[in-house]
Amino acid sequence: VEAKLLVENNFLRLRPKFLAKEYVGDKGMNKYISGIYKQQGCMLGYIVEGKIEKIVEKINNEVIYFFDSNQILSKYTSSNFVHNGIYRSFHKEGLKYPMFHLMLDFN
């Protein structure tokens, strides 16, 4: 599991654009996509400030920039899970399985 802090707005010393880039890039999702981490891991986002949906929008903007629009995070709904902050993404290069993203909201 690769975990990252996330915010919607500037909060203390945390900046949303920087954190979204870190979540997606070589310190985050790309560790799985490039094969540095095993394929069946997942991403964990600690929401320090803001709304999950707005933060996922910021992450998806970075995904589009870093990869392409076919690899954005989309809401995952299943009768097996009751948590509202589960997303998944599909990646054509490097991953055989969808990547799951669990957003934990602490505010």
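The following is a conversation about a predicted model of one chain and the terms used to describe it.

Biologist: What makes up the chain, counted in helices and strands?

Modeller: The chain has three helices and five strands. Read from the N terminus, the order is β-α-α-β-α-β-β-β.

Biologist: Why is the chain called as compact as a globular protein of that length?

Modeller: The radius of gyration is 13 Å, and the globule rule gives 13 Å for 107 residues, so the chain is as compact as a globular protein of that length. Along the principal axes, the C-alpha atoms fill a box of roughly 35 × 30 × 25 Å.

Biologist: What does "buried" mean here, and what percentage of the residues count as buried?

Modeller: A residue is buried if its relative accessible area is under 20%. By that cut-off, 42% of the 107 residues count as buried. The chain exposes about 6500 Å², and carbon and sulfur atoms supply 54% of that area.

Biologist: Which share of the contacts comes from residues 24 or more positions apart?

Modeller: Such residues account for 58% of the contacts with a separation of 6 or more. A contact requires heavy atoms within 4.5 Å.

Biologist: How do you know which strands pair in the sheet?

Modeller: Two strands pair if there are at least two bridges between them. Six bridges join β1 to β2 (residues 42-49), and six bridges join β2 to β5 (residues 99-105). Two bridges join β3 to β4 (residues 86-89). With a threshold of at least two bridges, each of these therefore counts as a pair.

Biologist: What makes the pairing mixed?

Modeller: The five strands form an open sheet in the order β1-β2-β5-β4-β3, with mixed pairing. Strands β1 and β2 run parallel, as do β2 and β5, whereas β3 and β4 run antiparallel.

Biologist: Which residues show these pairings?

Modeller: Between β1 and β2, Lys-4 stands opposite Gly-45. Ile-47 has Asp-105 in β5 as its bridge partner. For Lys-75, the bridge partner is Tyr-87 in β4.

Biologist: Why are β1 and β3 called edge strands?

Modeller: Strands β1 (2-7) and β3 (74-75) each pair on one side only. In the order β1-β2-β5-β4-β3, β1 and β3 stand at the two ends.

Biologist: How far apart are the mean positions of the positive and negative charges?

Modeller: The mean positions of the 15 positive and 11 negative charges are 3 Å apart. Lys and Arg count as positive, Asp and Glu as negative, and His is not counted.

Methods: Residues are numbered from 1 along each chain as its sequence is written. This is a predicted model: local features need pLDDT of at least 70, side-chain atom pairs count only at pLDDT 80 or more; totals for chains, interfaces and linings use all residues. Side-chain values use heavy atoms; hydrogens and water are left out. Helices (H or I, at least four residues) and strands (E, at least two) are DSSP runs, numbered from the N terminus. The radius of gyration is taken over C-alpha atoms; the globule rule is 2.2 Å times the number of residues to the power 0.38. Buried means under 20% relative accessible area, exposed over 50%, partly exposed in between (1.4 Å probe, protein chains only). Accessible areas come from the Shrake-Rupley method with a 1.4 Å probe; for residues, only the protein chains shown count as cover. The place of a charge is taken as NZ of Lys, CZ of Arg, CG of Asp or CD of Glu.
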